[in-house]
Amino acid sequence: MSRKPPERDIDESELDVERPKKWAAGIPGVAVSLARSAEQMGVGRSVRTLRLLNQRDGFDCPGCAWPEPRGHRGHVEFCENGAKAVAEEATRRRVTPEFFAEHSITELAGKTDYWLGQQGRLTHPMVLRDGGTHYEPIDWDDAFTLVADELRGLASPNEAIFYTSGRTSNEAAFVYQLLVRSFGTNNLPDCSNMCHESSGAALVETIGIGKGSVSLADFELADLILVVGQNPGTNHPRMLTALEKAKAAGAKIVAVNPLPEAGLLRFKNPQKVRGVLGKGTALADEFCQIRLGGDQAFFRAIGHLLLAWEKAAPGTVVDRELVDGATGFAAYESTVDDLDWDAVDAATGLDREQIVRVARMIAESKAAIACWAMGLTQHKHAVATIAEIANVWLLRGMIGKPGAGLCPVRGHSNVQGDRTMGIYEKMPESFLSTLDSEFGISVPREPGHDTVAAIRAMRDGAGKVFFAVGGNFVAATPDTELTERALRSCALTVQVSTKLNRSHVVPGRTALILPTLGRTERDEQPAGEQFVTVEDSMSVVHRSRGRLAPASEHLLSEVDILCRLGTALLGEAHPVPWQAFRTNYDTIRERIARVIPGCDDYNARVREPDGFVLPHPPRDRREFTGTASGKATFAITELDYPRVPEGRLLLQTLRSHDQYNTTIYGLDDRYRGVSDGRRVVFVHPDDIAERGLSDGQLVDLVSEWSTVDGVTERRADKFRVVSYSTARGCAAAYFPEANSLVPLDSTADKSGTPTSKSIVVRLEPAG
Ligand SMILES: Nc1nc2c(c(=O)[nH]1)N[C@H]1C(S)=C(S)[C@@H](COP(=O)(O)OP(=O)(O)OC[C@H]3O[C@@H](n4cnc5c(=O)[nH]c(N)nc54)[C@H](O)[C@@H]3O)O[C@H]1N2
Ligand SMILES: Nc1nc2c(c(=O)[nH]1)N[C@H]1C(S)=C(S)[C@@H](COP(=O)(O)OP(=O)(O)OC[C@H]3O[C@@H](n4cnc5c(=O)[nH]c(N)nc54)[C@H](O)[C@@H]3O)O[C@H]1N2
Ligand SMILES: [Mo]
């Protein structure tokens with residue numbers, strides 16, 4: 001019934017490029033998602049599974065963190081890419097002990113991420129022994145003893161690193177951080193460090209809470225929506241439905257992006273006949289084709305114009321209520337007054353008239369929402385850029401009123417919830433001391449490693465055990481060769497995973513694969529069938545319950561794995577009730593209610609049909625109690641933008657339409673017109689010509705990283721040049737293939753996020 005996994009790996013010579021699409025979704029989207037589902041799951045299972053996706057009694061989509069509507073839900077509350085994410089997990093393909101007996105670790109390491117991921121679901125706990133050539137089966141109990149012995153043998157708990165990816169449920173995340181802190185370290189890096197960390201840092205500084213201030217209902221009330229540095233057609237397709245509705249209700253939409261992304265320019269809603277048959281909705285009223293990293297200058301110029309107009313006609317632009325209660329406004333006024341327009345031109349590459357038009361739209365708007373994602377967060381000056389948007393939104397009073405607000409659009413489906421539950425290397429004292437008193441333990445106070453610091457620690461021999469709940473650390477992180485060496489130097493690496501990935505084939509001296517249940521699967525425990533909870537991008541906490549039979553009878557849930565490890569590591573007498581936790585997840589939720597602010601009565605409230613919304617003082621009451629001054633705060637920053645040396649290009653690394661982060665679903669980037677390959681680099685035709693290159697030519701990408709000690713180079717070989725509409729001087733290639741080009745030390749100020757959207761490269765004809 002279900003097709004066998006591909007035997008052959010990717011052959012880049014079959015790559016094909018056609019004209020990019022100007023619209024997103026519609027019939028091809030539906031057709032692709034159904035075909036992929038049937039291929040992986042068979043037809044009957046596809047229908048049963050997709051019917052439960054994002055429904056109240058079903059499971060939360062393991063794709064993105066875009067919220068579900070409250071109240072009425074459509075029968076089809078998912079998108080093409082959500083369906084692909086489900087098909088990946090609910091696939092009938094299996095990676096069994098026989099598979100591992102057949103393929104040595106050296107052979108597997110030679111395969112691409114695509115081939116590895118397509119092999120299917122992991123079925124048994126497996127171990128790679130010191131000096132071994134193949135993974136072998138291991139009993140669960142032996143696996144826990146192995147991990148516990150290794151951890152206890154460390155000179156300090158700080159020699160262990162505990163990574164999390166954002167699919168982990170609230171219950172598993174809460175138990176995990178409790179286990180790690182009970183053991184004695186705050187080394188809890190997570191995917192957020194590479195994702196929206198910059199948003200959190202900027203928002204805490206300006207509005208006092210690191211989460212967005214809008215709810216889904218606000219999209220219907222907004223008269224202006226900015227979509228900055230985000231590609232919703234691929235990465236948050238259900239957001240297009242919200243944009244389409246807003247548009248129908250009269251809202252204007254502005255897209256700010258170096259690339260004309262299909263979904264932003266035109267959208268066909270597959271759930272409506274008009275969408276499928278007609279031309280679709282033209283979404284963006286204004287498309288600002290900005291240079292990479294030009295956004296801080298763009299928003300500073302907008303702030304400059306707004307304040308100039310306020311001066312000319314006092315009381316027309318500035319929201320006095322917010323501004324008078326804020327700190328830093330006078331300093332902000334004088335900073336933007338003193339604008340360097342030449343720097344704005346160089347940074348943005350935009351017509352001044354277009355900037356003026358967008359500023360006018362913001363000045364005239366009664367309710368505006370600013371959305372953003374990785375196009376803003378993964379730059380050196382990311383925190384300053386996002387703070388610049390917050391400044392403009394504060395001065396216009398666009399926070400804490402219907403239809404307006406700041407909206408960082410999260411990636412992983414529970415990345416926001418994991419943070420709420422304490423997956424963070426530097427949780428505040430209030431949280432740590434509550435853990436101490438709630439459980440009668442004594443957790444460490446010294447901040448732990450974030451993702452980049454964790455890689456440095458492993459590289460330097462100070463990190464010896466690496467444990468991951470989900471994710472694909474080695475493929476998601478920068479500086480691939482260095483990171484691979486760092487992981488291989490560990491004494492033990494442990495991956496709690498659903499599917500095979502690169503991190504399993506770049507092992508420490510000893511390595512474990514602990515296979516776990518996915519979102520779609522039934523979770524039976526002694527107290528009966530369990531559900532878990534998650535938090536979406538707009539702070540709504542709700543239930544998720546899988547219904548499919550587990551991929552193998554040997555799988556344990558993440559909660560179960562972590563609690564069993566808790567007992568193995570800390571003993572039966574430890575004050576945390578590990579045994580009770582794994583028997584009945586209500587007992588975990590009782591503790592969440594007592595430890596996490598805003599989660600009172602958690603067990604009852606998550607059982608409400610739509611769950612509940614966590615408090616957000618700026619959104620709810622225009623209170624800014626979380627900032628240093630206790631008031632809304634205008635951030636004063638230096639204007640910055642990337643300076644690219646003569647002859648070089650600035651490269652961003654982004655997602656194709658056929659992948660979920662490091663999981664490659666297929667080889668087609670339909671909207672950008674690329675099929676059957678991934679090693680491409682999108683370059684402006686004039687930049688191609690200027691370098692004497694031609695469209696379709698094979699080039700090596702060489703990144704140049706300047707430090708005080710000189711320039712270091714990193715290479716990624718054999719990428720095909722694709723002539724493409726992008727801002728001049730800017731190029732784009734896919735993540736994770738291009739991660740090897742991102743220097744470990746190239747990180748954002750304040751947030752430490754790798755600068756994956758801003759890498760200086762030169763193109764060399766491939767030899
Ligand atoms: N199907 C699918 N869904 C996903 C994911 C996936 O891989 N596949 N990943 C999930 C995750 S974890 C995340 S974080 C989100 C990511 O969602 P996105 O942030 O949309 O993901 P990227 O592909 O990195 O796209 C970045 C966008 O920003 C633009 N951009 C890059 N640099 C700049 C800049 O300097 N300025 C401006 N204005 N624009 C810029 C790029 O051209 C691109 O359109 O999606 C989530 N959803
Ligand atoms: N160059 C570059 N690098 C980037 C980015 C970029 O834009 N450019 N984006 C960054 C961003 S935004 C992010 S969020 C990170 C993503 O980093 P990660 O979150 O580490 O990576 P993923 O690819 O999402 O992880 C996929 C793996 O998770 C496992 N998995 C899937 N579902 C489950 C589950 O339910 N439970 C468990 N235990 N495991 C599961 C599977 O084994 C799968 O192989 O990458 C970052 N890296
Ligand atoms: Mo992300």
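**Notes on a predicted model**

1. Helices H15 and H17 sit roughly perpendicular to each other (65 to 115 degrees counts as that). Their packing angle is about 105°, and the axes are 9 Å apart; axes here are lines fitted to C-alpha atoms over the stretch in contact, with angles from 0 to 180 degrees between N-to-C directions. H15 covers residues 295-312 and H17 covers 329-337. Helices (H or I, at least four residues) and strands (E, at least two) are DSSP runs, numbered from the N terminus.

2. Before going on: this is a predicted model, where local features need pLDDT of at least 70 and side-chain atom pairs count only at pLDDT 80 or more. Residues are numbered from 1 along each chain as its sequence is written.

3. Who touches whom? On the H15 side, Arg300, Gly303, His304, Leu307 and Lys311 meet a set in H17 that includes Phe329, Tyr332 and Val336 (contact means heavy atoms within 4.5 Å).

4. Now the sheet: six strands, open, mixed pairing, in the order S6-S5-S17-S16-S15-S7. Strands pair if DSSP finds at least two bridges between them. S6 (136-137) and S7 (160-164) are the edges, each pairing on one side only. S15 and S16 run parallel, joined by five bridges, and Phe467 stands opposite Val494 in S16.

5. Helix H7 (residues 140-152) lies across S5, S7, S15, S16 and S17, at about 135° to S17.

6. Don't look for disulfides (cysteine sulfur atoms within 2.5 Å): there are zero. The sulfur of Cys191 is 5.9 Å from the closest cysteine sulfur, in Cys195, so the gap is too far for a bond. Cys191 is buried at 9% relative accessible area (buried means under 20%, with a 1.4 Å probe and protein chains only).

Key: Chains are lettered from A and ligands numbered from 1 in the order in which they are written. Side-chain values use heavy atoms; hydrogens and water are left out. Buried means under 20% relative accessible area, exposed over 50%, partly exposed in between (1.4 Å probe, protein chains only). Angles under 35 degrees count as roughly parallel, over 145 as roughly antiparallel, 65 to 115 as roughly perpendicular and the rest as oblique.
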